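Hello,

Here is the structure I promised to pass on. Please open it first, then read my notes below.

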Amino acid sequence: MTGVQTCALPISTTLFQQADLLFGLGNYVDALARYREGLKFDPRRAAAWAQVARLYTLSEEWTLASRAWYMALEIEPTNVVYVLGLAAGMRGQGLVEEELSLYQRALELAPALPGVRSEIGGIRATSADERFRDPLVALRLAETDLRLSNDQSARAIEVQAAARAALGELEEAGRLAAMAEARARNVGEEQLATKIRERRDEYLPGRH
């Protein structure tokens with residue numbers, strides 16, 4: 001018997017490919033529908049669960065996003081990107097203790113990963129809950145993170161500013177906050193620069 005033998009792609013693969021294309025085009029509603037349909041056929045596709053989580057994050061549906069990140073981590077428990085995604089989901093729900101626990105898990109998986117210590121430090125510097133607030137710890141974490149970024153992290157400088165403010169060193173805090181905003185703008189991170197300016201009002205009210 002002769003002829004060309006063809007092999008059809010599994011329906012889940014086709015659906016995930018369509019979802020990826022729609023996601024890339026910014027058609028998030030249809031992309032989400034395709035990912036969810038594909039996961040009915042292949043629920044062990046961690047990357048698809050992660051995309052579902054990202055889509056729910058875009059609409060700030062934090063509980064649904066967190067559930068999707070949980071599913072991704074069930075399949076790939078050492079994927080630090082998924083751990084950080086779930087941490088963001090916890091932050092969106094105001095679950096500070098769970099968020100901190102996930103950052104610690106991320107550092108256990110990737111001790112030299114830049115950025116994580118600044119997120120912990122941001123909580124330690126500004127939390128209204130005395131259980132989590134410790135500006136001296138925040139300062140040390142931010143200093144370590146700044147070294148890991150070769151002194152380039154605007155977020156680490158911002159956390160230093162918040163920690164100094166919490167310690168009553170307002171002049172130094174103001175100087176560092178301005179430096180953090182300028183650093184973010186210098187590297188084209190306008191969204192971060194705007195957030196730094198907005199957050200400054202929380203720990204340095206009335207100082208611009």
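There are 13 salt bridges, counting a side-chain nitrogen of Lys or Arg within 4 Å of a carboxyl oxygen of Asp or Glu. This is a predicted model, so local features need pLDDT of at least 70 and side-chain atom pairs pLDDT 80 or more, while totals for chains, interfaces and linings use all residues. Residues are numbered from 1 along each chain as its sequence is written, and side-chain values use heavy atoms, without hydrogens or water.

- R200 and E181 meet at 3.6 Å, N to O. R200 lies in helix α11 and E181 in helix α10, so the pair ties together parts 19 residues apart in sequence. Helices here are DSSP runs of H or I, at least four residues, numbered from the N terminus. R200 is buried at 5% relative accessibility, and E181 is buried at 7%. Buried means under 20% relative accessible area, exposed over 50%, partly exposed in between (1.4 Å probe, protein chains only). Shared partners join E181, R185, E190, R197 and R200 into one salt-bridge network.
- R175 bridges to E172, with the closest N and O atoms 2.7 Å apart. The two are 3 residues apart in helix α10 (residues 170–186), about one helical turn.
- E99 bridges to R91 at 3.3 Å between the closest N and O atoms. E99 is buried, at 4%; R91 is partly exposed, at 43%.

Finally, Y28. This residue sits in helix α2 (residues 28–41). L58 is 30 residues away in sequence, yet 9.1 Å away in space, C-alpha to C-alpha.

Best wishes
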